[in-house]
Amino acid sequence: MKQFLVLGVINGAVYGLLATGLVLVYKGARVFNFAQAEFGTVAAFFAYWLIEKQHLPYWAGDLLAILGIAIVGFLVERLIVRPLFTAPRVTLLVATAGVALVLIQLQFIIVGANAVQIGPALRGIGVNILDVVVSPQRLLIFGVLVILGLGMGYFFSRTDLGLAVLATSQEPVATELAGIGTRRMSSFIWTFAAVLGGIAGVLLAPTGALFPGFMTITDLLPAFTAAVVGGITSLPGAFLGGLLIGITQGLGEFYFGSSTIVRGAANLLVFAVLVLVLLVRPKGLIGREA
Amino acid sequence: MPLLELTDVRTGYGSLPVLHGISFAVEQGELAVMLGLNGAGKSTTMMAIAGLLKTWSGSISFEDASVGRLDTAKRVQRGIVLVPEGRRVFPALSVTVNLRLGAWVRRRDRKALKERMEKVFEYFPRLAERRNQLAGTMSGGEQQMLAVGRGLMADPKLLLIDEASLGLAPKTAQELFQTVKQISKTGVTVIMVEQNAGALDVADRAFIMEKGTLIFQGAGDEELKATDLRAAYLG
């Protein structure tokens with residue numbers, strides 16, 4: 001069971017990262033971003049091309065991939081979100097689904113339907129944690145996510161820019177009147193969300209096969225659940241929600257993973273948690289804006 | 001040379017005109033009060049000056065330069081700051097953070113920012129007591145103090161305050177007017193939009209608006225006392 005728990009925590013941290021991006025965009029634009037996971041997939045393909053095809057060092061490939069997805073996020077805001085700034089939110093919601101579909105189609109056209117793979121960033125013997133052998137790659141993922149989580153905690157509670165992002169989500173008119181400029185903040189929010197998705201993408205890339213839309217298929221729903229469980233407007237809540245969903249999935253795999261009667265029981269358990277949270281605590285675990 | 005001058009300003013929402021050619025000027029250091037009933041166009045005038053609403057025609061000049069085409073952020077940088085109707089504090093952020101964000105355009109100068117925050121706490125000691133409290137959990141009067149304080153953090157030359165007394169107890173409203181008077185005495189020019197005629201007690205200049213036009217403007221103790229403004233305002 002310990003193995004499932006440890007893996008659950010690591011997967012959960014990735015969901016938490018994606019969920020944080022979802023919450024950020026939700027706070028800034030009051031819309032669920034269907035393209036959030038695709039920011040990750042595209043970054044993973046960028047990394048694949050740079051590392052496997054261009055033979056760049058791992059760190060350089062990952063950094064450039066994240067930079068690339070930051071530009072994609074910026075362009076999505078400029079070309080799609082900004083023209084819809086005053087449009088009904090449902091229009092923007094459909095637009096984000098459109099962005100996801102376009103990105104997936106582009107992957108089919110450019111990369112093709114066959115799965116590809118990136119070698120792990122770190123090789124070597126696994127490390128023993130709670131009697132569970134964890135691969136160096138997964139440890140790297142966890143380490144990066146913990147540092148990132150702490151960094152974001154600092155950014156959103158101490159820095160002017162981080163606080164301005166929170167302010168924009170709470171009172172757009174007052175933000176404008178303080179001279180912060182909601183449109184400039186919108187650019188920042190979408191770029192930052194793309195970077196968060198991109199980091200999740202490049203970290204996950206070496207752990208499995210890359211195929212068009214893989215993160216939307218495997219990670220978007222757990223991340224969305226994590227965001228809702230955390231309270232949809234709370235950034236720390238999203239990260240915690242991610243961990244909870246990861247652990248729930250891990251336990252589901254342990255208890256029902258080999259069941260042939262209930263296939264996909266682990267995911268079923270995730271949705272059971274979602275329904276339970278919505279019934280018992282509809283505001284989410286951290287039910288206030290943060 | 002007036003600090004702010006509006007000449008024949010027309011604007012509205014969508015195709016609906018609200019201001020039908022407003023012209024007035026405010027001198028440096030004055031405390032002007034703009035009275036009028038609901039729908040008279042007072043808030044629209046403030047939004048046009050602050051840059052939240054584009055003007056259809058006419059001109060707005062500030063410190064002898066046209067600002068009519070600048071966006072809100074640039075106007076804040078020039079020193080035009082609006083404290084909006086309904087307070088609009090950042091509810092899930094603390095008093096200190098609300099104030100800090102008010103100083104966004106001057107955030108680089110940390111020392112001056114700290115001094116201005118202390119000054120705000122002097123004007124509104126209640127805010128100092130509640131500096132770590134979330135703004136959304138404070139009373140209406142305290143939120144209004146915070147909204148004015150946040151406006152001051154931008155170091156304004158012209159402070160526009162829209163309906164500060166709305167929903168406040170009469171005593172609290174009077175205290176707020178007195179504090180605004182103190183602020184104006186430090187050299188900050190203030191335009192207070194009000195439905196509460198009690199604000200006239202602290203005014204150097206008064207405007208009365210009706211249906212998108214100015215029906216009265218006057219300045220100086222004598223002129224303000226000679227005219228029965230309360231009667232004019234109430235029609």
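Biologist: In this predicted model, what makes strand 1 (residues 4–13) and strand 4 (residues 57–62) of chain B a pair?

Modeller: Bridges do. Two strands pair if DSSP finds at least two bridges between them. Strand 1 and strand 4 of chain B have five bridges, so they count as a pair, in the antiparallel sense. Within strand 4 of chain B, B:Ser59 stands opposite B:Thr7.

Biologist: And which strands make up the sheet in chain B, and in what order?

Modeller: Four of them, in the order 2-1-4-5, forming an open sheet with antiparallel pairing.

Biologist: Why are strand 2 (16–26) and strand 5 (65–66) of chain B called edge strands?

Modeller: Because pairing needs at least two bridges to a partner, and each of these two pairs on one side only, they get called edge strands.

Biologist: What lies across the sheet strands?

Modeller: Helix 1 (residues 42–50) of chain B lies across strand 1, strand 2 and strand 4 of chain B, at about 70° to strand 2.

Biologist: How do you know that A:Ala47 touches A:Gly61?

Modeller: Contact means C-beta atoms within 7 Å. A:Gly61 is on the contact list of A:Ala47, so their C-beta atoms lie within 7 Å. That list also includes A:Ile118 and A:Val202.

Biologist: Which residues have the most contacts inside the largest nonpolar core?

Modeller: A:Ala47 and B:Leu160, in a core of 160 residues. Helix 1 (residues 2–29) of chain A gives the largest share, 15 residues.

Biologist: How many residues of chain B are in contact with chain A?

Modeller: There are 21, meeting 18 residues of chain A. The chain B side divides into 15 nonpolar, three polar and three charged.

Definitions and conventions. Residues are numbered from 1 along each chain as its sequence is written. Chains are lettered from A and ligands numbered from 1 in the order in which they are written. This is a predicted model: local features need pLDDT of at least 70, side-chain atom pairs count only at pLDDT 80 or more; totals for chains, interfaces and linings use all residues. A nonpolar core is a set of buried Ala, Val, Leu, Ile, Met, Phe, Trp, Tyr and Cys residues joined through C-beta atoms within 7 Å. A residue is buried if 20 or more other C-beta atoms lie within 10 Å of its own, exposed if 12 or fewer, and partly exposed in between; C-beta atoms are placed from the backbone. Helices (H or I, at least four residues) and strands (E, at least two) are DSSP runs, numbered from the N terminus. Two residues are in contact if their C-beta atoms, placed from the backbone, lie within 7 Å. Ala, Val, Leu, Ile, Met, Phe, Trp, Tyr, Cys and Pro count as nonpolar, Asp, Glu, Lys and Arg as charged, and the others, Gly among them, as polar. Axes are lines fitted to C-alpha atoms, for helices over the stretch in contact, and angles run from 0 to 180 degrees between N-to-C directions. Lists of a residue's contacts leave out its neighbours within four places in sequence.
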